[in-house]
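Please look through the structure shown here and follow the report below, which moves from single residues to the packing around them.

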Amino acid sequence: MRPSAARRKLARVLVLLRREYGRRTWRPGGSAVGELVATILSQNTSAGNASAGFRRLWRRFRSWSAVADAPVGEIERCIRISGLSRIKAPRIRKVLRAVRAAGGGRRVSLAPLRDRPDEEAYRWLLGFDGVGPKTAACVLMFGFGRPLFPVDTHILRIAVRLHVVPAGTAAETAQELLTALIAPADRYEMHVLLIGHGRRTCRARGPRCEFCPLRRLCPHGRRVMRARRAAQSSSSSSSSSSSSSSSRSGRSNRRGRSSPPRRARPSPSRS
């Protein structure tokens, strides 16, 4: 799809998602470091499990410096519910220590990023082991309100189904493509609405295309709906044929029972 056509389609997608779910405006959340940890925890797990792991970690330590100084095993126990805890625990501790060292070793803080341009801040975050494009963009968007556009599995799936990005596109490449196609002022809202839509309707398995506000824009959705209608039609035809056959068989059997063959009368004896 040409960039101009993709840009128009995405603008229409935003209008339809706003109509379906309401508008979303950016609100300052917790610390940017908290966003960094939360995004690492969200990798390859559900939002509920990631949030549960984050809450347990914070209740146990109450500061990111304490997490940075904690034994990996203790961090792992706190975040086990988030999945892949043996990978995420050392990754979290390592990145927290690296952030603290980059800030002079006193405290774990990303506050200096406020004064850096978007691209510079983004590249600085990518310099930490375990921080990829999605994580860096999430920290800057949610932590500082920067107009970046993180792409997760939900957004990538929807973009591919809409034919806005080609099938097989890597998330990192899709993030670059979609960022260029979405107006900076719309990126936060589009991100949040697409993720919600992916969880609620445009699921990886069993997408609820019949309820999708984007179905007229979605080639994948139209194909799914055609296949479902064809399956229903085939099933109805088979059911009708089977019912008709059973009805005929039943009528035949009833006739057989109501009119049993007559037995021949014995001939009268002539003796």
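## Surroundings of glutamine 175

In this predicted model, glutamine 175 touches Tyr122, Pro133, Lys134, Ala137, Phe149, Pro150 and Val151, when residues up to four places away in sequence are not counted. One of these residues, tyrosine 122, also takes part in a polar contact, in which its side chain meets the side chain of glutamine 175 at 3.4 Å.

Glutamine 175 itself is found in helix H10, which spans residues 171–181. Its relative accessible area is 6%, and because buried means under 20%, glutamine 175 is classed as buried. The C-alpha atom of glutamine 175 is separated by 8.7 Å from that of aspartate 152, although the two residues are 23 residues apart along the chain.

Leaving aside its neighbours within four places in sequence, glutamine 43 is in contact with Lys88, Arg91, Gly130 and Thr135.

## Helix H2 and its packing

Helix H2, made up of residues 32–41, is mostly covered, with eight of its ten residues buried. The buried residues are Ala32, Val33, Gly34, Leu36, Val37, Thr39, Ile40 and Leu41. They pack against five helices, namely H3 (47–61), H4 (64–69), H5 (72–79), H6 (85–102) and H8 (133–144).

Two of the buried residues of H2, Val33 and Val37, are also among the contacts of leucine 96, which, apart from neighbours within four places in sequence, is in contact with Val33, Val37, Trp64, Val67, Ala68 and Val108.

## The nonpolar cores

The largest nonpolar core holds 35 residues, and of these Leu57, Leu96 and Leu110 touch the most other members. Two or more residues are given to this core by each of H2, H3, H4, H5, H6, H7 (118–126) and H8. The largest share, six residues, comes from H2.

Terms used. Residues are numbered from 1 along each chain as its sequence is written. This is a predicted model: local features need pLDDT of at least 70, side-chain atom pairs count only at pLDDT 80 or more; totals for chains, interfaces and linings use all residues. Side-chain values use heavy atoms; hydrogens and water are left out. Buried means under 20% relative accessible area, exposed over 50%, partly exposed in between (1.4 Å probe, protein chains only). Helices (H or I, at least four residues) and strands (E, at least two) are DSSP runs, numbered from the N terminus. Contact means heavy atoms within 4.5 Å. A nonpolar core is a set of buried Ala, Val, Leu, Ile, Met, Phe, Trp, Tyr and Cys residues joined through side-chain atoms within 4.5 Å. A polar contact is a pair of N or O atoms within 3.5 Å; within protein, one must be able to donate a hydrogen and the other to accept it, and residues adjacent in sequence count only if both atoms are side-chain atoms.
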